[in-house]
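Hello,

Here is the structure for your files. My notes follow below it.

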Amino acid sequence: MKKLRELTDAKIESGRQNNPEFMNGVDAIIEQEKAFEKGKDAIKIGQKAPDFELPNAEGKSIVLKSLLEKGPVVITFYRGNWCPYCNLQLRALQARLDDIYTLGATLVAISPQVPDGSLTEDEISKMDFIVLSDQDAKVALQYGVAWQVPEFLAEHMRVDRKLDLEKVNNGNGNVLPIPATFILGQDGVVIWNYVNVDYRTRSEPEEIIEALKNLS
């Protein structure tokens with residue numbers, strides 16, 4: 001099985017071949033955002049993670065504190081089901097979910113989409129982890145990973161992808177989470193994280209599993 005980064009690298013290369021001008025623009029934006037240290041406000045290892053209560057795909061409220069009572073929690077922020085890199089990541093996590101559960105952890109995926117829009121009903125039935133909706137990006141902001149999407153990318157989504165973030169995010173503007181993953185110990189303290197403003201790169205499931213092994 002290919003690693004997640006191999007799959008995302010292939011996706012990036014395909015994008016460069018099919019739309020080099022756009023990918024060069026993305027590269028420039030990412031470099032600019034890195035220069036401004038986007039993501040520097042993300043909660044750090046050793047810090048207590050903010051508690052939250054968010055709806056799942058069925059509209060049921062899920063509280064982080066209750067999940068922590070069962071064991072460690074892995075929280076991954078993703079942009080939405082429309083993002084191919086996010087879909088690659090979620091599928092990769094699904095493939096290693098047994099390993100994560102064996103280590104006593106719960107996996108939670110959070111996006112700004114409305115509860116019935118984060119994944120299709122068919123996709124939800126195949127995902128064995130918790131999918132939550134952070135419609136106003138409040139939790140993403142608390143975790144320091146809320147990102148105002150640059151107009152270059154927002155316009156690309158509107159024109160080329162026919163994707164209106166304002167509509168997808170239920171009227172909450174062009175704010176998306178920086179793709180980030182946090183592992184919380186049962187005390188709610190961050191013991192591992194991965195934050196990268198480049199939405200095309202993600203943490204490997206194996207890295208998450210190794211961090212959980214070190215916790216146990």
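Which strands does helix 10 lie across? Helix 10 (residues 205-215) lies across strand 3, strand 8 (180-184) and strand 9. It runs at about 170° to strand 9. Helices (H or I, at least four residues) and strands (E, at least two) are DSSP runs, numbered from the N terminus. Axes are lines fitted to C-alpha atoms, for helices over the stretch in contact (heavy atoms within 4.5 Å). Angles run from 0 to 180 degrees between N-to-C directions.

Some ground rules. This is a predicted model, where local features need pLDDT of at least 70 and side-chain atom pairs count only at pLDDT 80 or more, while totals for chains, interfaces and linings use all residues. Residues are numbered from 1 along each chain as its sequence is written, and side-chain values use heavy atoms, with hydrogens and water left out.

The sheet: five strands, open, order 5-4-3-8-9, mixed pairing. Two strands pair if DSSP finds at least two bridges between them. Strand 5 (130-133) and strand 9 (190-195) are at the edges with a single partner strand each, so one side of each has no neighbour in the sheet. The twist averages 15° from one strand to the next. Strand 3 (residues 73-77) and strand 4 (residues 106-111) run parallel, joined by five bridges. F77 has I110 as its bridge partner in strand 4.

Now Q89. It sits in helix 4 (residues 84-95). Leaving aside residues up to four places away in sequence, Q89 touches L4, T76, Y78, T181, R202 and S203. Its C-alpha atom is 10.0 Å from that of P179, 90 residues apart along the chain.

Best wishes
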